[in-house]
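Visitor: I have a structure open here and have not seen it before. Can you walk me through it?

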Amino acid sequence: MEKVKTGISKMTQPTELPQQRPISLNDLYSVERLDGFSRIEIVDSEWYLTETDYYRQPDFRASLVQTKLLVMLSTHARMKQLGKVVSGSLGFVLEGNDKDIKLLRRSDLAFIDRDRLATNHFEPFYSAPDLSVYILNEKITRGMTKRIKDFLKHGTQQVWLVSVDQEQI
């Protein structure tokens, strides 16, 4: 895929993406509605489309694993009144604010402690999750390593990499 000025892989016309900086929450909402951009991230104040070389192409096994983990983690968190588990559609603003988003990351699943939920019920979430979970089919590359480091640097306590092929966390 050819790179475009915005720093993302070309999947649609680059003119459809807001070119002005800083990137605001309204810009993010506009781009998320475009076909193929629902999981877009922001890195160093630039649009960044999640690569699939280290991540995964959606498939049945990965979806089953993600669903099982969502149910198990949600049930445990609810029974122990620990917090909430959310799916990968929620973005986490790690740097910036609604007028100037500098770093926004996503994961397949995330857990947020109940004490932190009381002070932040916005979408996207303006903080790192306590736990970030990725469902992987492929090897981990530099892109995933950077994503993990971003979460840990901004307060995530644990990152789980769940291997569908090796059936392990």
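This is a predicted model: local features need pLDDT of at least 70, side-chain atom pairs count only at pLDDT 80 or more; totals for chains, interfaces and linings use all residues.

Guide: A term to begin with: helices and strands here are DSSP runs, numbered from the N terminus, where a helix has at least four residues and a strand at least two.

Visitor: Let me step back. How many helices and strands does the chain have?

Guide: The protein chain has 4 helices and 8 strands. In sequence order the pattern reads α-β-β-α-β-β-β-β-α-β-α-β.

Visitor: How much of the chain is buried?

Guide: Of the 169 residues, 44% are buried. As for contacts between residues at least 6 apart in sequence, 62% of them join residues at least 24 apart.

Visitor: What is the strand order in the sheet of 4 strands?

Guide: The order is 3-6-7-8, in an open sheet with mixed pairing. Strand 3 and strand 8 (158-163) are the edge strands, each pairing on one side only. On average, neighbouring strands of this sheet are turned by 15° against each other, direction ignored.

Visitor: Which helix packs on that sheet?

Guide: Helix 2 does, and it touches strand 3, strand 6, strand 7 (131-136) and strand 8. The direction of helix 2 makes about 160° with that of strand 7.

Visitor: Go through the pairings. In which sense do strand 3 and strand 6 pair?

Guide: Antiparallel, over 5 bridges, with strand 6 covering residues 109-113. Valine 86 has alanine 110 in strand 6 as its bridge partner.

Visitor: How many bridges join strand 6 to strand 7?

Guide: There are 3, and these two strands also run antiparallel. Phenylalanine 111 is opposite leucine 131 in strand 7.

Visitor: And do strand 7 and strand 8 run parallel or antiparallel?

Guide: Strand 7 and strand 8 run parallel, joined by 6 bridges. Here tyrosine 134 has leucine 161 in strand 8 as its bridge partner.

Visitor: What about strand 4 and strand 5, what do they form?

Guide: Strand 4 and strand 5 form a hairpin, with 2 residues between them. Strand 4 (residues 92-97) and strand 5 (residues 100-105) run antiparallel and are joined by 5 bridges. Phenylalanine 92 is opposite arginine 105 in strand 5.

Visitor: Moving on to pockets. What volume does the second largest pocket have?

Guide: About 160 Å³.

Visitor: Which residues line it?

Guide: The lining of the second largest pocket consists of Arg61, Leu64, Val65, Lys68, Leu69, Met72, Val162, Val164, Glu167 and Ile169. Helix 2 gives the most to this lining, with 6 residues. By type, the lining residues divide into 7 nonpolar, no polar and 3 charged.

Visitor: Back to the loops. Where is tyrosine 126?

Guide: Tyrosine 126 is in the loop between helix 3 (114-117) and strand 7. At a relative accessible area of 26%, tyrosine 126 is partly exposed. The C-alpha atoms of tyrosine 126 and glycine 91 are separated by 8.6 Å, and the two residues are 35 residues apart along the chain.

Methods: Residues are numbered from 1 along each chain as its sequence is written. Side-chain values use heavy atoms; hydrogens and water are left out. Two strands pair if DSSP finds at least two bridges between them. Axes are lines fitted to C-alpha atoms, for helices over the stretch in contact, and angles run from 0 to 180 degrees between N-to-C directions. Contact means heavy atoms within 4.5 Å. On a 1 Å grid over the protein atoms alone, a cavity is a set of points where a 1.4 Å probe fits but cannot get out, and a pocket is an open set with protein on both sides within 12 Å along at least five of seven lines; lining residues have an atom within 4 Å of a point. Grid points are joined across faces, edges and corners, and a volume is the space filled by probe spheres set on the points. Ala, Val, Leu, Ile, Met, Phe, Trp, Tyr, Cys and Pro count as nonpolar, Asp, Glu, Lys and Arg as charged, and the others, Gly among them, as polar. Buried means under 20% relative accessible area, exposed over 50%, partly exposed in between (1.4 Å probe, protein chains only).
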